[in-house]
Amino acid sequence: MFLLCSEIITPFKLNLKEILKIAKKKLQGVSQTPFLDAEILVGHILKLSRTELVVGDDSEVTEKQKKDILNLIGRRLKNEPIAYLTNQKSFYGLDFYVNENVLIPRPETDILVEEVVRFCMEAGASGVGVLPSGSLVTSKKVPLEKGEVFCKDTGGLKPQALPFNSLNSNQKTPLRKAQDNTFKCLIIDVGTGSGCIPISLAMNLKNLNFMGIDLSEKALEVAKKNIEAFGLKDKIELRKGDLLEGLDLSLQGNEEIIITANLPYVEDSAELEIGVKDYEPHLALFSGEDGLNHYRKLLPQAEKMKPIAIFLEIDPRQVEILQEISQGLFPEYEVEVVKDLTGKERVFVLLK
Ligand SMILES: C[S@@+](CC[C@H](N)C(=O)[O-])C[C@H]1O[C@@H](n2cnc3c(N)ncnc32)[C@H](O)[C@@H]1O
């Protein structure tokens, strides 16, 4: 018989180890990582790291803590993602505030950030870094020939510490040395959500300006909170907008422009995991029959701005269509397609 969370706890006092045990047991049916989930949720309420929990003593949890832990377990049992339960998600080695109004930042998006950092550094931006993953790059003029994969030459800047995702840290690729540290540009992130892309870029690239655009007012509130938490209010401007429509850059000077976007790219008919489908904002996920409505609209708008580079996160099945669209709009640009760590084509790059 299925027991409600309130029923699984005795009226007696519980200590840390006991409540952790109960949490793990309850989550076993619903989560693929019940032990990890239990440790994160209990640790979140008790404000203890996972290590502190594991070596934790037999101290009693208070009634309030018990109630809060049970509440989170109850929500997790209904498949609510851990990141929404803790209001926290790590991305590019940084901790972001998230809530149900924004997409939970995904590890694949690291690759996009990494490529923009690499591009800006090679163009002469100041900032030092190592890349979090040794991504493979297919680099060719449009059209890209199928099946060709090249490993991009990465040159030899001395790697230095940056807050990158530790999962990937054993695969760091050195960056080429910035030429003269004079590179200036405005990076416009379209569909900024939590702000994870411009914030990660701003934490790694000095002297550049950033703008985050989103259609959702509530997502912009989350981005604002994150920007303030990272002390980047002066570097990242937020605007509400429908892609780049009517964007007035007259006050921004004559800087070069780079466009980044991880816009919705899921087909309307796609069957998503329940935790995604039921909890993440559909405005952040779906984009028409083939998942390309947003990029089809964005690219002609972007073309008018003559950016020096465009970086789009995509579904691998969208490469060919995007190449066709780009051939018409950006005949002079070079196309690169960057694979993620699972070998899937994940970032579509246009370079002037
Ligand atoms: C896939 S999420 C990406 C969020 C964030 N950039 C990330 O990588 O985690 C897409 C974002 O695009 C926003 N969005 C959807 N349609 C939009 C539109 N027409 N104009 C601007 N933003 C839009 C959504 O609100 C959502 O925040």
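Two strands are taken to pair if DSSP finds at least two bridges between them. Helices (H or I, at least four residues) and strands (E, at least two) are DSSP runs, numbered from the N terminus. By these criteria, β10 (309-313) and strand β12 (residues 345-351) pair in the antiparallel sense over five bridges. The model is a predicted one, in which local features need pLDDT of at least 70 and side-chain atom pairs count only at pLDDT 80 or more, while totals for chains, interfaces and linings use all residues. Residues are numbered from 1 along each chain as its sequence is written.

The secondary structure of the protein amounts to 12 helices and 12 strands. Confidence is expressed as pLDDT, the predictor's confidence in each residue, from 0 to 100. The protein has an average pLDDT of 83, and 80% of the residues score at least 70. Two segments have pLDDT under 50 throughout: residues 1-7 and residues 128-178. With a contact defined as two residues whose C-beta atoms, placed from the backbone, lie within 7 Å, the model has six contacts beyond four places in sequence for residues 1-7 and 100 such contacts for residues 128-178. Among contacts in the protein between residues at least 6 apart in sequence, 67% join residues at least 24 apart.

Burial was assigned from C-beta atoms placed from the backbone: a residue is buried if 20 or more other C-beta atoms lie within 10 Å of its own, exposed if 12 or fewer, and partly exposed in between. Of the 352 residues of the protein, 39% count as buried.

Strand β10 is mostly covered, with five of its five residues buried. In a regular strand the side chains alternate between the two faces of the sheet. In β10 both faces are covered, Ala309, Phe311 and Glu313 being buried on one side and Ile310 and Leu312 on the other. On the β12 side of the pairing, Val347 is the bridge partner of Glu313. Strand β10 also runs parallel to β9, to which four bridges join it; here Thr260 stands opposite Phe311. A further parallel pairing, over five bridges, links β6 and β7, with Ile188 opposite Met211 of β7. Five of the six residues of β7 are buried, so this strand is largely enclosed by the rest of the structure.

Helix α11 (residues 293-304) has the buried residues Tyr295, Leu298, Leu299 and Ala302. These residues lie on the same side of α11 because they cover an arc of only 105° around the axis, the arc being that of the directions from the helix axis to the C-beta atoms. An α-helix has 3.6 residues a turn, so residues three or four places apart point the same way. The buried residues of α11 pack against β6 (185-190), β9 (256-261), β10 (309-313) and α12 (319-329). The face turned away from this buried side carries the exposed residues Pro300 and Lys304.

Most residues other than glycine have a negative phi, and most peptide bonds are trans. Lys306, in the loop between α11 and β10, has a positive phi of about 50° although it is not a glycine. Lys306 is exposed, with 10 other C-beta atoms within 10 Å. Lys47 likewise is not a glycine and has a positive phi, of about 55°. This residue lies in the loop between α3 (34-46) and α4 (50-54), and Lys47 is exposed, with 8 other C-beta atoms within 10 Å.

Lys344 is found in the loop between β11 (334-339) and β12. With 13 other C-beta atoms within 10 Å, Lys344 is partly exposed. Lys344 touches Pro316 and Lys339, residues up to four places away in sequence not being counted. The C-alpha atoms of Lys344 and Pro316 are separated by 6.1 Å, the two residues being 28 residues apart along the chain.

The ligand is surrounded by 24 residues, of which the closest are Gly191, Gly193, Leu215, Asn262 and Ala284. The elements giving two or more residues to this shell are α8 (196-204) and β7 (209-214). By class, the shell has 14 nonpolar, eight polar and two charged residues, where Ala, Val, Leu, Ile, Met, Phe, Trp, Tyr, Cys and Pro count as nonpolar, Asp, Glu, Lys and Arg as charged, and the others, Gly among them, as polar.

Definitions and conventions: A residue is near a molecule or strand if its C-beta atom, placed from the backbone, lies within 6 Å of it.
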